[in-house]
Amino acid sequence: MIIKEVYLRDFISYTEARVKFPLGVTVIVGENGSGKTSILDAITYALFMEHSRGPRQNLIKRGATSARVGAVFSVKGRNYQVEWDLLYQKSPRGHLRDLDNDRPLVKPGSGEMTIVPEISRLTGLDSTVFMNAIYVKQGEIARLLDDKPHERKKTIAHLLGIEELEKLWDAMKGPLNELEERLEYYARQLDRMKDVEAQLKEKELQLSDRQSEYGEKEHERVRLEEEVRTLQRMLKEMEENRRNLEELDVSILKLEGEIDSRRNVVKSLDEKIQNLEAALRDLSDNRSYHEEAGKIDEELRDLSNRVESIDQTIDKKRRTKSEVERMRSELDMLEKVIAGLVDDFRRVTRVSAHPLELPDLREHLLRDVEVRVEKEERKRRAKELKRARYGGLMYASISGSFLAATILYLAFQNPLPALLPIIIEVPVYLHLRRRRKSIEEEINSIQDGIKGLWEERAKLEALTVSDVRGHLEKYQRLSGEISRLDEDIKDLDQLERDHYNLRERIRQLQEHLDRLQPMSERYVKALGVIEREGLSSHAELEERIERLKRERSDSDEVLKGMRERLDELRTRRSSITYDREKHDSTRKRLEEILREQREIEQMVAKLSATIEHLSEDCKRLRVELDSLREIRDRYQRLERDVTLLRRIRELFHKDGLLQKSVRRQAASMIGEAARTFLQDFGLQFSGIEVDEDFNVNVIGRYGKQPLETLSGGERIVVALVLRLAIAVTLAGESLETIIMDEPTVYLDSERRRELSELLKNFRGGGRLIPQVIVVSHDRELEDSADQVYEVVLSESGSVIRNYGEFSP
C-alpha cells in the first residue's frame with residue numbers, strides 16, 4: 001500500500017490542509033507542539049480509525065462543530081479514496097471509492113464496521129499489523145538500541161504479537177479453574193440424587209391419601225349447598241315484602257318533601273313578583289339621574305387623561321430644567337478651569353496668549369530652553385577642557401623641574417644650582433594657578449545658568465495645557481445645549497397653570513357625581529334585575545310579572561294533586577303483611593348452615609391446598625431429579641472438555657509446541673529479511689541472526705557478535721534494519737510504506753547522523769520499501785529527503801507548506 005495524499009479540515013489543530021506524499025522519503029519537520037504528529041493521526045484515522053488523542057471528540061478542532069479527514073492510497077497500482085465526516089454527538093460516517101473506476105465500494109455514509117474491514121481486505125493489512133509493522137512509534141528504534149537484552153526481547157515479541165500467545169495461556173487459567181470448580185460442583189450435586197428419589201416416593205404416597213379424603217368432604221359440601229339454596233328462596237320472598245314497605249315509606253317521605261318544596265316555590269314566586277315590581281318602579285323614577293351621572297363620569301375620564309398627559313410633560317420639563325441648572329454649574333467650572341490654565345501659563349512664562357495657543361506656545365518655549373541648555377553645555381565642556389589643560393601645565397612646570405633639581409643636588413651637593421629651576425618656575429606656576437581658578441569660577445557660573453534653565457524647563461513641563469482644547473470644545477457644546485434646553489422649558493409655567501385649572505374642574509364634577517350616585521345605583525340595580533331575567537324593556541318586564549302570577553296559580557293546582565297522591569300511598573302501605581320474627585329465625589338457620597358449609601369448604605380448601613402442595617413437591621422433585629440426571633450428563637461432557645482444554649493451554653505456554661514453532665518461524669523470517677536489507681544498503685555486515693528466544697547477534701567479518709559489542713553507528717544500522725525486518729515479517733508483500741514518528745528521539749548526535757545517512761537509501765523510491773514518511777523536529781533528516789514539509793503554528797492553527805516557501 002502506498003499513501004498518496006491526506007487532506008483534513010478542522011482536524012485537531014488544522015483549519016485546512018492537504019499533503020501529498022511522493023515515492024521516496026518525505027520528511028515533515030517542525031517544533032514540538034506545532035502539529036506534526038496530527039498529520040500521522042490523520043493517516044491512521046482515515047485508514048483504520050486509529051489515533052493518539054483520547055476521546056474521538058478531541059479530533060475536532062476547538063471552536064468547530066465538525067471535522068473532515070480523508071486519504072488517497074494505492075494498492076497494486078489501483079487508486080482508492082477514503083473520507084470521514086466527524087460530529088460531536090454522532091458516529092463518524094464515511095465514503096470509500098475506487099478512483100480508477102469512479103465507483104463507490106461501500107454505501108455512502110457507512111460506518112466503521114463497514115469501511116475499515118473493506119480497507120483491510122483491499123490492503124491485506126488490519127489495524128494491528130499497520131500500527132505494529134508500518135507505523136514506527138516514538139522511541140522504538142532507541143529501545144532496540146539501548147534496552148537490555150531481555151527488554152529488547154519483550155519489544156520484538158510485542159511487535160510480532162507473540163506475547164499475545166503468552167497472554168492467551170495466562171488468560172485461559174482463570175476460565176479453566178472455573179470449569180474445574182464447576183466439575184466439583186456437579187459432583188456434589190450428584191451426591192443428592194438418591195435422597196431426591198426417596199423423597200419423591202414418600203410424597204406420592206401422601207398425595208394418594210389426601211385425594212381420597214378430599215372426595216368424602218366434597219360430597220358433604222354439595223348437600224349443604226342444596227339446603228342453603230332453599231333457605232335463600234324463603235328469605236328472598238320475605239326480603240321482597242320488607243323492601244316494598246320500605247319503598248312505600250320512602251315514596252311517602254319523598255312526596256311529603258315535594259309538597260314542602262312546592263310550597264317554597266310558591267313563596268319564591270311571591271318574592272320574585274315583589275322584586276320585579278320594585279325594579280319596574282326604580283327604572284321609571286331614576287333613569288334621568290343615571291344618564292346625567294354617565295355624562296359626568298365620561299367627562300371625568302377625559303379630564304383625567306389630559307391631567308395625566310400634562311403631568312408627564314411637566315415632569316419631563318422639570319427634569320430638563322434640573323439638567324440645565326447642572327450644565328450651568330459645569331459651564332461655570334469650565335470657565336474657572338480655563339482661566340486658571342491661562343493664569344498659570346502667564347505666571348510661569350510671563351507671556352499672555354489665547355487658550356488655544358497655549359499647547360503650541362509651551363512646546364516652542366521648551367524647544368527654546370533645550371537650545372539654550374545645549375549652548376551652555378558646549379561652553380561648559382570647552383571651559384572644562386581648558387581647565388584640564390592648565391592643570392597639566394601646572395603639574396609639568398613644578399613636578400618635572402623640581403625632580404631634576406633634586407637629582408642634581410644629590411649628585412653634586414650644590415644647593416644653588418638645585419634652587420635655580422624652582423626660582424624660575426614658581427612665577428609660571430602661580431600664573432597658571434590663577435588662570436585655572438578663574439576658569440573654574442566661569443564653569444560654576446555656567447553650571448548655575450544650566451541649572452536655572454532646567455528649572456525653567458521643569459516649570460514648563462509641569463504646566464497642564466494639553467486638555468485646553470477639550471475644555472473649550474466642551475464649553476461650546478454645553479453652551480449650545482443650554483440654549484436648546486432653555487427653549488424647550490419656556491412654556492413650563494403655563495403648563496402648571498393649566499394643570500391646576502383641570503384639577504379644580506375635576507373636583508367640582510366629582511362632588512356633583514357623588515350626589516347623583518345613589519339614584520344611579522338604584523337604576524343600575526334595576527337594570528341588573530332585568531338582565532338576570534333576560535329582559536330588554538318595560539313591556540317585557542310587565543309581561544314577566546303577569547306570567548309569574550299565572551305560574552303561582554298553576555303551582556296551587558299542582559300542590560292539590562300531590563296531596564291526593566300522598567293519601568293513595570298511605571292506603572297501599574296498610575295492605576302489605578310482613579312477619580319480622582319468622583324472617584329472623586329463617587336468617588339464623590341460614591347462618592348456621594352457612595357456618596357449617598364454610599367449615600366443610602375450609603376443610604376442602606385445606607385438602608386441596610395440601611394436594612396442590614404435594615403435587616408441586618412431587619413435580620419439583622421430578623424436575624430436580626431430571627435436572628440431576630442432566631447434570632450427570634453435563635458432568636461427563638465437561639470432564640472430557642476440561643481434559644482437552646488443559647492440553648490446548650499447554651500449547652500456548654512459552655515452552656509449548658505452538659509458541660516455540662511461531663517464535664522459530666518468526667526468527668527465521670526476520671533474519672532472512674534483515675540479510676536482504678543489509679545487501680540493499682551495501683553494509684559491511686553479512687547478516688543478523690535472531691534465535692527463537694529473540695536473542696540478536698550480528699554476523700560480520702569477525703564472525704558472530706552480540707549487539708552490545710557494536711559501536712554507536714553500527715548499532716543504529718542494525719536497529720533500523722531489525723525494525724524494517726520485523727515490519728516485512730508482519731506485512732509481507734503489503735509492505736510498501738514505512739511511517740516513522742520522531743525516530744531520532746533519545747538518540748545522540750552520532751546516531752542521528754547515521755540514521756540520516758541510512759534513510760538516503762530510500763530516496764527516489766527504494767527497492768524494498770518505495771515510500772518512507774518521517775515526522776521529526778530534527779533538521780538533520782532534511783538532507784535525506786526527496787520532499788520536505790515544515791509545520792508552523794499561526795493564529796488560526798497549524799499550517800503545513802513546502803519547505804521552500806519558508807525563509808531559513
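Is D98 buried or exposed? D98 is buried, at 2% relative accessible area, where buried stands for under 20% relative accessible area, exposed for over 50%, and partly exposed for the range in between (1.4 Å probe, protein chains only).

The model is a predicted one, in which local features need pLDDT of at least 70 and side-chain atom pairs count only at pLDDT 80 or more, while totals for chains, interfaces and linings use all residues. Residues are numbered from 1 along each chain as its sequence is written, and side-chain values use heavy atoms, with hydrogens and water left out.

The protein chain has 808 residues, of which 37% count as buried. Its secondary structure comprises 17 helices and 15 strands; these are DSSP runs numbered from the N terminus, with helices being H or I of at least four residues and strands E of at least two. A contact requires heavy atoms within 4.5 Å. Among the contacts in the chain between residues at least 6 apart in sequence, 75% join residues at least 24 apart.

The next topic is charged pairs. Side chains of opposite charge can pair when their charged atoms come close. The term salt bridge is used here for a side-chain nitrogen of Lys or Arg within 4 Å of a carboxyl oxygen of Asp or Glu. Across the whole structure, 44 salt bridges are found.

D98 takes part in one of them, with R78, at 3.3 Å from N to O. R78 belongs to strand 5 and D98 to strand 6 (residues 93-98), so this pair ties together parts that are 20 residues apart in sequence. R78 is partly exposed, at 32% relative accessibility, whereas D98 is buried.

R68 counts as partly exposed at 30% relative accessibility, and D85 is partly exposed at 24%.

A further pair is made by R9 and D10, with an N to O distance of 3.6 Å between their side chains. R9 is partly exposed at 30% relative accessibility, while D10, at 17%, counts as buried.

Helix packing comes next. Two packed helices are described by the angle between their axes and the distance between the axes. For helix 8 (residues 193-349) and helix 12, the axes come within 5 Å and cross at roughly 155 degrees. Axes are lines fitted to C-alpha atoms, for helices over the stretch in contact, and angles between N-to-C directions run from 0 to 180 degrees. Helix 8 is therefore roughly antiparallel to helix 12, given that angles over 145 degrees count as roughly antiparallel, those under 35 as roughly parallel, 65 to 115 as roughly perpendicular and the rest as oblique. The residues of this contact divide into 25 nonpolar, 8 polar and 14 charged. In that division Ala, Val, Leu, Ile, Met, Phe, Trp, Tyr, Cys and Pro are nonpolar, Asp, Glu, Lys and Arg are charged, and the others, Gly among them, are polar.

L513 is placed in helix 12 (residues 492-532) and is buried, at 7% relative accessibility. Leaving aside neighbours within four places in sequence, L513 is in contact with A293, I296, D297 and L300. From L513 to E292 the C-alpha distance is 8.6 Å, although 221 residues separate the two in sequence.
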